[in-house]
Amino acid sequence: MKFHSFIEEGPGWETLGGEPLFANAHVSVEQVRVRTPLRPGGVGWTVVHRKAASVVVPVTAGGKYVLVRQERIPVRATLWEFPAGQLELEDTPEATALRELAEETGYELPEKGGLQSLGFFFPSAGVMDEISHLFLARPVVRGDEGPRPDENEAICETGEFTADALRAMIAGGEIRDANTLAAFARMAAAGLV
């Protein structure tokens, strides 16, 4: 079971076969055999299929970055990170970014605000086909409703941080979430921070 069609086989790539090993509503695991440009005879690989995601970098009019501190069961830690969430089948990456912004932080992008694409990246390309779309949302404002996390999220707090504070948190290892690190790196490379 695949969750998106963002991954396409290019020249020299061909799926020769696959066997499903596990599937639920969030992930599926498949043993595949794939011909690659360097392995024309094919190679076996275990691939985790996961829904695509959107990561949103919220920035206030005062230039502060909004992050959430969220429990992450797989790593047994509570992490500071930019809001993010998986795309539902009918959603666009942009709609998902705005939904996650409101749900996780309680902030919104006003009519005069802008949502800028920062491209995408693969969070764990050696294991899964998940693709994460990155967006910059500015200026964000606090909404009237406040945060509305879904039932699977345990968000402890929301905070506003300066770019210098984020740099220090990244350099000190306090920020360890791949989505947040990738989004900050993309912004830094583009001269946006």
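At 33% relative accessibility, Glu160 counts as partly exposed, where buried means under 20% relative accessible area, exposed over 50%, and partly exposed in between (1.4 Å probe, protein chains only). The structure is a predicted model, in which local features need pLDDT of at least 70 and side-chain atom pairs count only at pLDDT 80 or more, while totals for chains, interfaces and linings use all residues. Residues are numbered from 1 along each chain as its sequence is written, and side-chain values use heavy atoms, with hydrogens and water left out.

**Salt bridges**

- The side chains of Glu160 and Arg142 meet in a salt bridge at 3.6 Å, N to O, a salt bridge being a side-chain nitrogen of Lys or Arg within 4 Å of a carboxyl oxygen of Asp or Glu.
- Because Glu160 lies in strand β11 (residues 155-161) and Arg142 in strand β10, this pair ties together parts that are 18 residues apart in sequence; helices (H or I, at least four residues) and strands (E, at least two) are DSSP runs, numbered from the N terminus.
- Arg142 counts as exposed, with 61% relative accessibility.
- By the rule given above, the count comes to eleven salt bridges.
- One of them joins Glu130 and Arg50, whose side chains meet at 2.7 Å, N to O; Glu130 lies in the loop between β9 and β10 and Arg50 in strand β3, so the pair ties together parts that are 80 residues apart in sequence.
- Glu130 is buried, with a relative accessible area of 6%, whereas Arg50 is partly exposed at 28% relative accessibility.
- Lys51 forms a salt bridge with Glu88, and the closest N and O atoms of the pair are 3.3 Å apart; Lys51 lies in the loop between β3 and β4 (53-60) and Glu88 in the loop between β7 and α1, so parts that are 37 residues apart in sequence are tied together.
- Lys51 counts as buried at 14% relative accessibility, while Glu88, at 35%, counts as partly exposed.

**The largest pocket**

- The largest pocket has a volume of about 1,100 Å³; on a 1 Å grid over the protein atoms alone, a cavity is a set of points where a 1.4 Å probe fits but cannot get out, and a pocket is an open set with protein on both sides within 12 Å along at least five of seven lines, with lining residues having an atom within 4 Å of a point.
- The volume is the space filled by probe spheres set on the grid points, which are joined across faces, edges and corners.
- Its lining is made of 33 residues, of which Arg50, Gln70, Arg72, Ala84 and Gln86 lie nearest the centre of the pocket.
- The elements that give two or more residues to this lining are β5 (65-72), β6 (77-81), β7 (84-86), α1 (93-105) and α3 (178-189), and α1 gives the most, with four residues.
- The lining of the largest pocket divides into eleven nonpolar, seven polar and 15 charged residues, where Ala, Val, Leu, Ile, Met, Phe, Trp, Tyr, Cys and Pro count as nonpolar, Asp, Glu, Lys and Arg as charged, and the others, Gly among them, as polar.

**The second largest pocket**

- About 860 Å³ of space lies in the second largest pocket, which is lined by 26 residues, with Ile7, Trp13, Val34, Val47 and Asp129 the closest to its centre.
- Two or more residues of this lining come from each of β2 (27-35) and β3 (43-50), and β3 provides the largest share, four residues.
- By class, the lining of the second largest pocket has 14 nonpolar, six polar and six charged residues.

**Backbone features**

- The peptide bond from Arg138 to Pro139 is cis, with omega near -10°, and Pro139 has its place in strand β10.
- Arg76, in the loop between β5 and β6, has phi near 55°, a positive value in a residue other than glycine, and with 68% relative accessibility Arg76 counts as exposed.
- Gly143 lies in the loop between β10 and β11 and is buried, with a relative accessible area of 18%.
- From C-alpha to C-alpha, Gly143 and Glu90 are 25 Å apart in space, and they are 53 residues apart in sequence.
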